[in-house]
Amino acid sequence: MPDGWQWDQTLFRGSAAYYEQGRLPYAPGFADRLAETLGLDGQGRLLDVGCGPGTVILALAGHFASVVGVDPDPDMLAEARRRAWRLGVDNAYWVEARAEDLPAGLGVFQTVLFAQSFHWTDRDRVAATVFDMLVPGGAFVHMSDHKEPPAQPAPLPHPAPPFGRIRALVRDYLGEVRRAGQSVLVNGTPGREDLVVERAGFEGFQRLIVPAGEVVERSADDVVAWVFSRSDSAPHLFGDRRDEFEYDLRGVLSDASSDRLFAEQLPDTEIMFWRKPPVAAR
């Protein structure tokens with residue numbers, strides 16, 4: 001868990017409705033690249049822990065016989081169900097639970113995946129539980145945006161969103177220390193997933209970078225949705241000043257771009273994975 005922080009149900013309260021519009025997508029083709037790398041054949045089961053509104057699990061659903069998404073936020077799961085229906089995915093199942101509630105009677109899986117969610121969990125405890133939920137040879141997968149900028153940034157047809165001014169505005173409203181649910185993240189979220197996962201008994205670390213690089217146009221509405229999709233600026237944190245904050249946020253965006261259009265280069269997707277040994281032993 002992040003130092004000094006305790007999870008509570010409000011971590012992403014009110015954010016689910018903003019995810020699809022606000023969050024940049026993962027690199028195109030990430031699902032097929034991962035399936036090829038792991039040797040997926042349309043059989044077996046996938047567990048996505050902290051699945052949110054289903055972004056990753058629904059992209060991978062066709063590579064498994066069935067997929068299970070677990071998330072503690074009921075609004076996220078409601079969005080995931082809607083997206084599954086819209087996409088015609090009929091082999092997905094949804095469970096309202098925290099990672100710490102696993103195994104939750106869910107059975108065994110060929111792949112267990114965390115897409116930018118592992119850092120919110122009791123990582124040693126959860127990794128050990130996942131080890132027991134995987135078949136021998138099964139994969140523990142960690143996905144995130146690749147943090148290194150592209151070697152040759154693409155020229156942008158519009159200004160980039162004014163992230164520095166947005167962060168400053170959030171601090172003006174919510175304080176200098178990053179908010180997360182009812183608490184704060186004094187030291188941010190932890191890293192070094194490799195140490196945690198290997199401590200649980202996984203081995204054979206591999207790293208896959210799926211390139212993106214496309215430049216996408218973003219409206220002011222898209223950027224506002226991105227802000228409200230984040231745990232540190234979830235709508236509920238602003239209380240009765242939420243509308244006031246949005247008004248000021250839109251003012252910042254208008255100052256940064258006269259036509260209120262922005263552009264961003266999609267980040268590459270980083271996928272790290274480990275295997276449970278064929279004959280598992282800790």
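In this predicted model, V56 makes contacts with Y26, F30, D48, L113, A115 and M143, leaving aside residues up to four places away in sequence. V56 is also one of the residues that touch the most other members of the largest nonpolar core, a set of 31 residues; L60, W94, L113, V141 and M143 share that standing. Several elements each give two or more residues to this core: the helices α2 (30–38), α3 (55–60) and α4 (74–87), together with the strands β3 (92–96), β4 (109–115), β5 (134–145), β8 (203–210) and β11 (269–275). In soluble globular proteins, nonpolar side chains tend to be buried together.

The buried residues are A220, D222, V223, V224, A225, W226, V227 and F228. Their cover includes the helices α1 (16–22), α6 (163–174) and α9 (242–256), as well as the strands β9 (215–219) and β10 (261–265).

Some backbone details in the loops also deserve a look. The loop between β3 and β4 contains P103, and the peptide bond leading from L102 to P103 is cis, with omega near 15°. A104 is found in the loop between β3 and β4 as well, and has a positive phi, near 55°, although A104 is not a glycine. With a relative accessibility of 42%, A104 counts as partly exposed. A positive phi near 55° also occurs at R192, again a residue other than glycine, in the loop that links β7 (183–185) and α7 (193–199).

How values were computed
Residues numbered from 1 in each chain as written. Predicted model: local features only at pLDDT ≥ 70, side-chain atom pairs only at ≥ 80, totals over all residues. Heavy atoms only, no water. Core = buried A, V, L, I, M, F, W, Y, C linked by side-chain atoms within 4.5 Å. Buried < 20%, exposed > 50% of the residue type's maximum accessible area, 1.4 Å probe, protein only. Helix = DSSP H or I, 4+ residues; strand = E, 2+ residues; numbered from the N terminus. Contact = heavy atoms within 4.5 Å.
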